[in-house]
Amino acid sequence: MKLQKMQALTVHGISVRTNNQTESGPDGKIPLLWQRYMAAHPQPAAEIYAVYADYASDVNGDYTLTVGSLQDLNAETVTCVAAGDYLAFEVHGSMPEAIIRGWQTVWAYFSEPGAPQRAYRTDLEIYHGPASATILIGIVPPAV
């Protein structure tokens with residue numbers, strides 16, 4: 001994991017409103033969102049973005065997930081990734097299992113005493129290929 005400064009990005013794609021409790025059960029919406037996106041993009045962009053935004057509160061609240069790219073100008077949804085400080089967690093392996101393990105690492109890290117405070121503005125996953133991704137978690141900059 002490493003600190004990374006992000007510039008604002010605009011991601012074009014499709015979205016769903018959900019929460020982690022829904023996603024842990026049989027009625028999860030995220031797998032269907034990914035199926036729909038991949039069916040519409042059989043030759044996806046070199047990098048696919050999954051942006052978590054519009055947080056209602058924290059890890060337990062609702063959020064909007066947008067899956068898309070930087071170039072799909074015909075997309076249903078446009079989501080802006082906030083500029084700022086992010087912690088980057090690299091993920092490698094078979095998807096979606098590897099990304100699920102990556103999120104488990106993220107949740108464990110932020111539950112530790114002394115961990116930076118999550119901003120809950122935008123978080124994202126950047127898929128670099130079928131077996132490589134980066135999870136970026138927005139954090140509140142430390143007071144100077």
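This is a predicted model: local features need pLDDT of at least 70, side-chain atom pairs count only at pLDDT 80 or more; totals for chains, interfaces and linings use all residues.
Look at one pairing in detail. Strand β7 covers residues 118–129, and strand β8 covers residues 132–139. They run antiparallel, and seven bridges join them. Which residue of β8 is the bridge partner of glutamate 125? That is isoleucine 135.

Which residues of α2 are buried? Ile30, Leu33, Trp34 and Tyr37. Seen down the helix axis, the buried residues fall within an arc of 95°, so they line one face of α2. An α-helix has 3.6 residues a turn, so residues three or four places apart point the same way. On the other side of α2, Leu32, Gln35 and Ala39 are exposed. What do the buried residues of α2 pack against? The list is β2, α1, β3, β4 and β7, with α1 being residues 20–23.

A quick geometry check. With 15 residues at 1.5 Å a residue, α3 should span 21 Å. The end C-alpha atoms of α3 are 21 Å apart, which agrees.

The buried set in α3 is Ala98, Ile99, Gly102, Trp103, Val106 and Phe110. They cover an arc of only 140° around the axis, which puts them on the same side of α3. Their packing partners are β3, β6, β7 and β8.

On to charges. How many salt bridges does the structure hold? Three.

One joins lysine 5 and aspartate 85, with the closest N and O atoms 2.6 Å apart. Lysine 5 is in β1 and aspartate 85 is in β6, so to speak distant parts of the chain, 80 residues apart. Is each end buried or exposed? Lysine 5 is exposed, at 63% relative accessible area. Aspartate 85 counts as buried because its relative accessibility is 11%, and the cut-off is under 20%.

Another joins arginine 36 and glutamate 76. Here the closest N and O atoms are 2.2 Å apart. Arginine 36 lies in helix α2, and glutamate 76 lies in the loop between β4 and β5. So the pair ties together parts that are 40 residues apart in sequence. Arginine 36 counts as partly exposed, at 40% relative accessibility. Glutamate 76 counts as exposed, at 58%.

There is also the pair of arginine 118 and aspartate 123. Their side chains meet at 2.6 Å, N to O. Arginine 118 is buried, with a relative accessible area of 8%. Aspartate 123 is buried too, at 0%.

Valine 16 is in strand β2. At 18% relative accessible area, valine 16 is buried, because the limit is under 20%. Which residues does valine 16 contact, leaving aside its neighbours within four places in sequence? Lys29, Leu33, Tyr63, Thr64 and Leu65. Leu33 is also among the buried residues of α2. Threonine 66 is 50 residues from valine 16 along the chain, yet their C-alpha atoms are separated by 6.7 Å.

Even so, valine 81 counts as buried, at 1% relative accessibility. Beyond its neighbours within four places in sequence, valine 81 is in contact with Ala8, Leu9, Val11, Val51, Tyr86, Thr122 and Leu124. How far is valine 81 from lysine 5? They are 76 residues apart in sequence and 12 Å apart in space, C-alpha to C-alpha.

Methods
Residues are numbered from 1 along each chain as its sequence is written. Side-chain values use heavy atoms; hydrogens and water are left out. Two strands pair if DSSP finds at least two bridges between them. Helices (H or I, at least four residues) and strands (E, at least two) are DSSP runs, numbered from the N terminus. A salt bridge is a side-chain nitrogen of Lys or Arg within 4 Å of a carboxyl oxygen of Asp or Glu. Buried means under 20% relative accessible area, exposed over 50%, partly exposed in between (1.4 Å probe, protein chains only). Contact means heavy atoms within 4.5 Å. The expected span of a helix is 1.5 Å times one less than its number of residues. The arc is that of the directions from the helix axis to the C-beta atoms.
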